[in-house]
Amino acid sequence: MSDSASRIPKWVWVTTPTLAVAFIGFILYLATIPAGDELEAVKGDAKKALKLGVEKAKEEAAKEVAKPSYEFYQLLENQTVEVPKVDVYKSTPKDAEVSYTYRLQAGSFRSADDAERLRASLLLEGLNAYRQESTVNGSTWHRVFVGPFTDRSKMNKAQDLLVSRNISPLALKEPVKK
């Protein structure tokens, strides 16, 4: 029984190689057929359909969007504007008795040595720097000032120089009475 169960029928031996040869022949046949222009034809049809769709959309958009009519040009032509008479502007003179001096606070330190170091470096930069001590809540602070300046443009130049050295100065404006 084992011999009859392990035996393969003869018709399987005949049909299997025949089908394999037929399949290989079919593949070779497909390889010899030249590629058609079907892809180009489909692309052309798609382009035509796209152009038609775009043209239809433009036509519909042109129909839907009605251009607004601007009437204000015509309205303004026929109108006049009455301008009231205004007196000529006269500037008021500044108070000659009050002038200002400006100074910049470059830093505030608890240590006098740190303040002196900053003052010395600012003096080397050509700035008029000085140190002032003050007591705040029982502790002494050493503040470094640059100035005084009588002109804001000179103060701005000194401020630019301090900013270029990564120092954020505090501008102080003090009135001076004559």
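User: Leaving aside its neighbours within four places in sequence, which residues are in contact with A106?

Analyst: This is a predicted model, in which local features need pLDDT of at least 70 and side-chain atom pairs count only at pLDDT 80 or more, while totals for chains, interfaces and linings use all residues. Residues are numbered from 1 along each chain as its sequence is written, and side-chain values use heavy atoms, with hydrogens and water left out. Contact means heavy atoms within 4.5 Å. With neighbours within four places in sequence left aside, the residues in contact with A106 are L118, L122, V144, V146, L162 and I167.

User: What pattern does the protein follow when read along the sequence?

Analyst: Helices (H or I, at least four residues) and strands (E, at least two) are DSSP runs, numbered from the N terminus. The secondary structure comes to six helices and four strands. Read along the sequence, these follow the pattern α-α-α-α-β-α-β-β-α-β.

User: Is T101 buried or exposed?

Analyst: T101 is placed in strand β1. Leaving aside neighbours within four places in sequence, T101 is in contact with F149, L172, K173, E174 and V176. Buried means under 20% relative accessible area, exposed over 50%, and partly exposed in between (1.4 Å probe, protein chains only). The relative accessible area of T101 is 18%, so T101 is buried.

User: How many residues apart in sequence are the parts that R103 and E174 tie together?

Analyst: A salt bridge is a side-chain nitrogen of Lys or Arg within 4 Å of a carboxyl oxygen of Asp or Glu. R103 and E174 form one, their closest N and O atoms being 2.8 Å apart. R103 lies in strand β1 and E174 in strand β4 (residues 170-177), so the pair links parts whose separation in sequence is 71 residues.

User: Which residues do salt bridges that share partners join into one network?

Analyst: Side chains of opposite charge can pair when their charged atoms come close. In helix α5, R119 and E116 lie three residues apart, about one turn of the helix, and their side chains meet in a salt bridge (2.6 Å, N to O). R119 counts as partly exposed at 23% relative accessibility, as does E116 at 28%. Through salt bridges that share partners, one network joins E116, R119, R131 and E133.

User: What is the N to O value for the salt bridge of R117 and D114?

Analyst: R117 and D114 both lie in helix α5, three residues apart, about one turn of the helix. R117 is exposed, with a relative accessible area of 55%, whereas D114 is partly exposed at 33%. Their side chains meet in a salt bridge whose N to O value is 2.7 Å.

User: What is the phi of N137, which is not a glycine?

Analyst: Most residues other than glycine have a negative phi, and most peptide bonds are trans. N137 is placed in the loop between β2 (129-136) and β3, and it counts as exposed at 79% relative accessibility. Although N137 is not a glycine, its phi is positive, at about 50°.

User: Which peptide bond is cis?

Analyst: P148 is found in strand β3. Omega is near 0° for the cis peptide bond, which runs from G147 to P148.
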